[in-house]
Amino acid sequence: MLASLVNVTKRYRTTEGVRDLTLHFPAGQIVGVLGLNGSGKSTLLKLIAGLLFPTAGEISVFGGTPRGNRARTVFLGETDTLWPWMTPADAGRFMDGLYSDFDPVRFGELLDVLEVPRRKTKAMSKGERGRLRLAMALARSAKLYLLDEPLAGIDLISREKIMMSLVREWHTDETILLSTHEVAEAEGLFERAVYLRDGGLVLDVAVEELRRDGKSVVQTFKEVLA
Amino acid sequence: MTTETWILDMDAGPIFEQIGRNVREQLARGDLRPGDKLPSARDLAATLSVNPNTIVHAYGELEAQGIIEKRRGLGTFIREDAPVETMRKDMLREIAETFVNEVRRLGVETDEAMAVLKEAWDAG
């Protein structure tokens, strides 16, 4: 297993982020982490990324602690932390200095594929910044990618480009956890779907099996989360 | 090959089966012919925004059915001996059976159904 959670709970000051989650992620899966806002999607990804510490339970990533393996895990957060003065070239130098697994050549290719304009981020649209952030994340060659809502609040064309890049860049031994509430567009990507509600696991299912019963990921989303 | 030839419906069963059916239909219609090259699994996956493993699965099934073959270093092709005629007939039979079942559920006699079929055919 690349990552495992056993009976993991994360309690914030007043609320529960996730509750008693047990999940195992082997190598080579694209997993949809699905749920409404506040269902615990971000908390789950941040726990695996080693950015949050669980209140209870055990998490192992690459056989060690999440925190100890942060350098081997790619986390793309929901918040846009790009400096306004940064150009894509600046962002590339920044990532290159920060991560030993960052590939500047691949980054350049990704900027082309995702059609990221070569100007300062303050002059980019939200979609363009989203594409730049994805290029920064995917230019690292890791085995575990945690992508938190990479499609949220981004225009349709950007979303399509992002999904196409994910399909092209994914190696079959890598695992991607992608959280989204834009289920309809992304559902073809997923081999497995994990549905969360109020921090708890509602359903963990192989997507093609779901379709065998005549159901889509979207339909199931409505059924189990309604 | 255009994107429009690959229409997926997420509510209509496993995607790997839909891809397989799609290829068989394109063969039956003559849009694909023996010897034609199929897009690589990765390309088709990107075009359709579908997990590459799903396409690999679909191609594996088509290979097992004797419809396509991998040519090493060249890609995936429709087999020269792909049973196109059989596929056409199977599909036609399937359509006919659907028609018959629907007509039976209506409680309509054979003669009347055939007459209406002929009428619809001529009108189309």
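User: Why is Phe62(A) called partly exposed?

Analyst: In this predicted model, Phe62(A) has 15 other C-beta atoms within 10 Å. A residue is buried at 20 or more and exposed at 12 or fewer, so Phe62(A) falls in between and is partly exposed. Phe62(A) belongs to the loop between strand 4 (56-61) and strand 5 (73-76) of chain A.

User: What is the phi of Phe62(A)?

Analyst: Phi is about 50°, which is positive, although Phe62(A) is not a glycine. In chain B, Ser49(B) also has a positive phi, near 55°, and is likewise a residue other than glycine. Ser49(B) lies in the loop between helix 2 (41-48) and helix 3 (52-64) of chain B.

User: What makes Ser49(B) count as partly exposed?

Analyst: Ser49(B) has 19 C-beta neighbours inside 10 Å. The cut-off for buried is 20 or more and that for exposed is 12 or fewer, so Ser49(B) is partly exposed.

User: Why does Val18(A) count as buried?

Analyst: Val18(A) has 28 C-beta neighbours inside 10 Å. Buried requires 20 or more, so Val18(A) qualifies. Val18(A) sits in strand 2 (residues 16-25) of chain A.

User: Which residues is Val18(A) in contact with, leaving aside neighbours within four places in sequence?

Analyst: They are Val8(A), Thr9(A), Lys10(A), Gly40(A), Thr43(A), Leu44(A) and Gly199(A).

User: How do you know that the buried residues of helix 8 of chain A line one face?

Analyst: The buried residues of helix 8 (residues 217-225) are Val217(A), Thr220(A) and Phe221(A). Viewed down the helix axis they fall within an arc of 110°, so they line one face. An α-helix has 3.6 residues a turn, so residues three or four places apart point the same way. Lys222(A) and Glu223(A), on the other side of helix 8 of chain A, are exposed.

User: What do the buried residues of helix 8 of chain A pack against?

Analyst: They pack against strand 3 (30-34), helix 6 (183-186), strand 8 (192-197) and helix 7 (207-212) of chain A.

User: What makes chain A as compact as a globular protein of its length?

Analyst: Chain A has eight helices and nine strands. Its radius of gyration is 17 Å and the globule rule gives 17 Å for 226 residues, so chain A is as compact as a globular protein of that length. Of its 226 residues, 45% count as buried. Among contacts in chain A with a separation of 6 or more, 70% join residues 24 or more positions apart.

User: Which residues touch the most other members of the largest nonpolar core?

Analyst: In that core of 82 residues they are Val33(A), Ile48(A), Ala135(A), Leu146(A), Ile176(A) and Leu177(A). Helix 4 (residues 126-138) of chain A gives the largest share, six residues. Beyond four places in sequence, Leu146(A) touches residues including Leu45(A), Ile48(A), Phe75(A) and Leu177(A).

User: How many residues of chain A are in contact with chain B?

Analyst: 19 residues of chain A are in contact with 17 residues of chain B. Helix 5 (156-169), helix 7 and helix 8 of chain A each supply at least two residues of the chain A side. Helix 5 gives the most, with four residues. By type, the chain A side divides into nine nonpolar, four polar and six charged residues.

User: What ipTM does the predictor give the complex?

Analyst: The ipTM is 0.80, and the pTM is 0.86. Chain B has a mean pLDDT of 91, with 97% of its residues at 70 or more.

Definitions and conventions: Residues numbered from 1 in each chain as written. Chains lettered and ligands numbered in written order. Predicted model: local features only at pLDDT ≥ 70, side-chain atom pairs only at ≥ 80, totals over all residues. Arc of directions from axis to C-beta. Contact = placed C-beta atoms within 7 Å. pLDDT = per-residue confidence, 0-100. Nonpolar A, V, L, I, M, F, W, Y, C, P; charged D, E, K, R; others polar. Core = buried A, V, L, I, M, F, W, Y, C linked by C-beta atoms within 7 Å. Rg over C-alpha atoms; globule rule 2.2 N^0.38 Å.
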